[in-house]
Amino acid sequence: MSFPDLRTFVDRLRRDDDLVTVEAPVDPYLEVAEIHRRVIAAGGPALLFTSVAGSDFRLVTNLFGTARRAELAFGERPMRLVRRLVDLAETLLPPTLGGLWGARDVGLELLKVGTRRVARGPVVEHVSTSLGLDRLPVLTCWPEDGGPFITLPLVYTTHPDRRGHNLGMYRMQVHGPRTTGMHWQIGKGGGFHYAIAEARGQRLPATVFLGGPPALMLAAVAPLPENVPELLLASLIAGERLPQLHGHGAHPLIATAEFALIGDVPPHVRRPEGPFGDHYGYYSLRHDYPIFDLQRIAHRGGAIFPATVVGKPRQEDFYVGDLLQELLSPLVPMVMPAVEKLWSYGETGYHSLAAAVVKQRYTREAMASAFRILGEGQLSLTKFLLVTDRHVDVRDFRATLEHVLARTNPETDLYVFSNLSMDTLDYTGPTVNEGSKGVWLGLGDAVRPLPRAFTGAAPAGVTDVRVFCGGCLVVGAPSVAAEPHAAARLAGDPAFREWPLVVLTDEPARAAASPMNFLWTTFTRFEPAADIHAPDRRIVRNHIAYRAPIVIDARLKPDFPKELMCREDIAQGVTRRWKEYFPSARVEMGDAERAHLD
């Protein structure tokens with residue numbers, strides 16, 4: 001089933017008893033976000049708020065906050081079609097008459113892909129130049145956020161010179177009734193369009209859709225190659241051409257969207273944006289970004305405003321991200337023929353860690369694949385990459401790490417590349433947008449049995465030693481303030497000699513509790529160039545050869561942003577009012593502070 005707009009998806013969730021209406025008055029400042037976090041932590045339903053302070057519009061959150069709802073929004077058809085396209089690419093070369101006739105089902109499906117022009121649509125039932133952003137139920141999610149943020153905006157721009165568009169989801173801080181920030185991070189298509197317009201001193205028209213077909217929201221966050229139109233993917237997911245209305249601004253409007261914010265982005269204007277509690281589980285800090293000037297708002301009658309909340313894993317974005325990976329994974333070998341499997345770990349914010357199974361048909365071909373991955377679109381922001389040439393389920397992180405550790409020779413297989421760009425939201429580097437990358441190979445057959453129990457005496461200053469998996473220890477070490485160089489000291493301690501990998505942390509019990517905890521507390525907190533240590537490092541043919549054990553210093557550094565926590569009075573108030581929010585529905589109250597961490 002496909003859903004032509006947001007409200008048909010909401011209606012389906014209601015029929016499935018997977019949506020609860022909250023009629024009690026709620027505050028968009030911190031309260032709604034804490035309700036949302038507790039519900040998603042318990043695997044609960046989507047939420048429709050009908051009485052949001054300061055707004056006449058309804059608010060919906062947690063639309064995709066379980067695997068089941070995310071899969072429902074996608075449907076089975078896109079996955080079947082992608083797999084069928086991959087199969088045809090392998091079997092139709094060279095093409096034959098019989099083969100082409102056998103592929104007619106795909107041709108019929110592809111005829112439904114694209115956009116179609118319509119004369120009228122509900123998005124323009126109301127068009128206003130006086131309605132301000134302050135009348136929308138925009139959420140402030142975390143206590144130190146710089147203000148309210150639109151968290152599910154679908155920002156549509158076109159290339160200033162040629163045909164081609166970008167539809168991206170870039171958070172928008174509401175600065176005032178007619179102005180927002182435009183958080184174009186590095187590597188974003190809308191930002192590329194803006195750079196061209198700004199270089200000419202021109203304003204870039206921008207249209208921001210809220211709601212519409214769920215497929216539109218999913219396509220906006222998909223890691224597509226730069227010149228692949230997101231509207232085509234949205235149409236593919238929806239199973240029909242997307243209806244567009246012309247004549248209401250610089251861009252056609254998605255006819256079934258709930259809202260369309262019509263405006264532009266002026267050149268050479270910046271305004272401080274943030275902080276913002278982000279999907280890494282910490283605050284992203286205050287920086288200057290372009291602004292969006294609102295000209296008018298179009299919206300449906302009884303429009304529903306969609307929003308999401310991000311934070312420590314797993315939040316709503318995790319389920320969408322993993323489903324998109326599943327949808328696009330069959331295409332990976334077509335784009336990168338030597339890469340058989342690829343997975344980015346949502347628990348790390350996706351960009352912090354990925355793992356790949358590649359072909360090794362000649363010596364060190366695996367590094368050619370690593371470079372290929374690190375040069376591909378959004379994958380180029382990957383901070384650390386594990387690579388092997390033997391079968392392993394890369395979605396199983398513990399098994400993947402053991403697989404690599406059993407095969408690696410760090411002296412030749414660990415690469416660290418300094419002075420590179422890094423994800424804007426990752427604050428482990430020396431400055432915003434800058435940092436380093438690491439690639440760790442584990443090729444061929446296993447070369448060592450992995451130790452699975454620590455039996456030695458803990459070195460001085462070590463508070464705890466725990467085994468995360470075969471070959472990997474989690475070690476509680478003095479804080480960075482107390483002993484900045486503890487990683488270098490402990491790397492050379494004979495107690496850890498037999499362990500290929502040692503991770504230093506401030507929270508050993510928390511870090512070793514589960515793969516999710518390990519991924520989050522390790523890979524969101526270290527930068528390869530600054531935080532990888534070894535008992536000995538030598539320069540061999542201009543390559544740094546690291547002698548095991550490899551020590552990752554994942555302790556929190558003094559200038560690292562704060563972990564996201566709810567304000568105590570807000571938490572107490574939500575606890576007190578829980579039965580008021582849900583008087584007749586049995587909605588479990590989860591632990592929002594832990595999220596899904598153990």
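## Helix α1 and what follows

Asp 17, which comes after helix α1, has a positive phi, near 55 degrees. Helices here are DSSP runs of H or I with at least four residues, strands are runs of E with at least two, and both are numbered from the N terminus. The model is a predicted one: local features need pLDDT of at least 70, side-chain atom pairs count only at pLDDT 80 or more, and totals for chains, interfaces and linings use all residues. Residues are numbered from 1 along each chain as its sequence is written, and side-chain values use heavy atoms, with hydrogens and water left out.

Helix α1 spans residues 6-15, and its buried residues are Leu 6, Arg 7, Phe 9, Val 10 and Leu 13. They lie on the same side of α1, because they cover an arc of only 155 degrees around the axis. Buried means under 20% relative accessible area, exposed over 50%, and partly exposed in between, with a 1.4 Å probe and protein chains only. The arc is taken from the directions that run from the helix axis to the C-beta atoms. The cover over these buried residues includes β1 (19-22), β2 (46-49), β3 (58-61), α3 (67-74), α8 (214-220) and β20 (304-306).

In α3, the buried residues are Arg 69, Ala 70, Leu 72, Ala 73 and Phe 74. Gly 75 follows α3 and has a positive phi, near 80 degrees.

Leu 48 belongs to strand β2 and counts as buried, at 2% relative accessibility. Beyond its neighbours within four places in sequence, Leu 48 has contacts (heavy atoms within 4.5 Å) that include Arg 14, Leu 19, Arg 58 and Ile 304. Leu 48 and Ile 304 are 256 residues apart in sequence, while their C-alpha atoms are 8.7 Å apart.

## Nonpolar cores

A nonpolar core is a set of buried Ala, Val, Leu, Ile, Met, Phe, Trp, Tyr and Cys residues joined through side-chain atoms within 4.5 Å. The largest one has 58 residues, and Leu 63 and Phe 209 have the most contacts inside it. Helix α10 (residues 316-328) supplies the largest share of this core, seven residues.

With neighbours within four places in sequence set aside, Leu 63 touches residues including Leu 6, Phe 9, Val 10 and Leu 13, as well as Met 217 and Pro 306. A second, separate core has 54 residues, among them Met 182, Val 309, Ile 570 and Val 587.

## An open sheet

Three strands, in the order β4-β12-β13, form an open sheet with mixed pairing. β4 (115-117) and β13 (253-254) are at the edges with a single partner strand each, so one side of each has no neighbour in the sheet. Two strands pair if DSSP finds at least two bridges between them. β4 and β12 (residues 242-245) pair in the parallel sense over three bridges; Thr 115 has Leu 242 as its bridge partner in β12.

Helix α9 (residues 230-238) packs on this sheet and touches β4, β12 and β13, with its direction at about 130 degrees to that of β12. Axes are lines fitted to C-alpha atoms, for helices over the stretch in contact, and angles run from 0 to 180 degrees between N-to-C directions.

## Cysteines

A disulfide is a pair of cysteine sulfur atoms within 2.5 Å, and by this rule the count is zero. Cys 472 is in no disulfide; its nearest cysteine sulfur, in Cys 469, is 4.9 Å away. Cys 472 is buried, with a relative accessible area of 0%.

Cys 566 is buried too, with a relative accessible area of 14%. Its sulfur is 11 Å from the closest cysteine sulfur, in Cys 141, which is too far for a bond.
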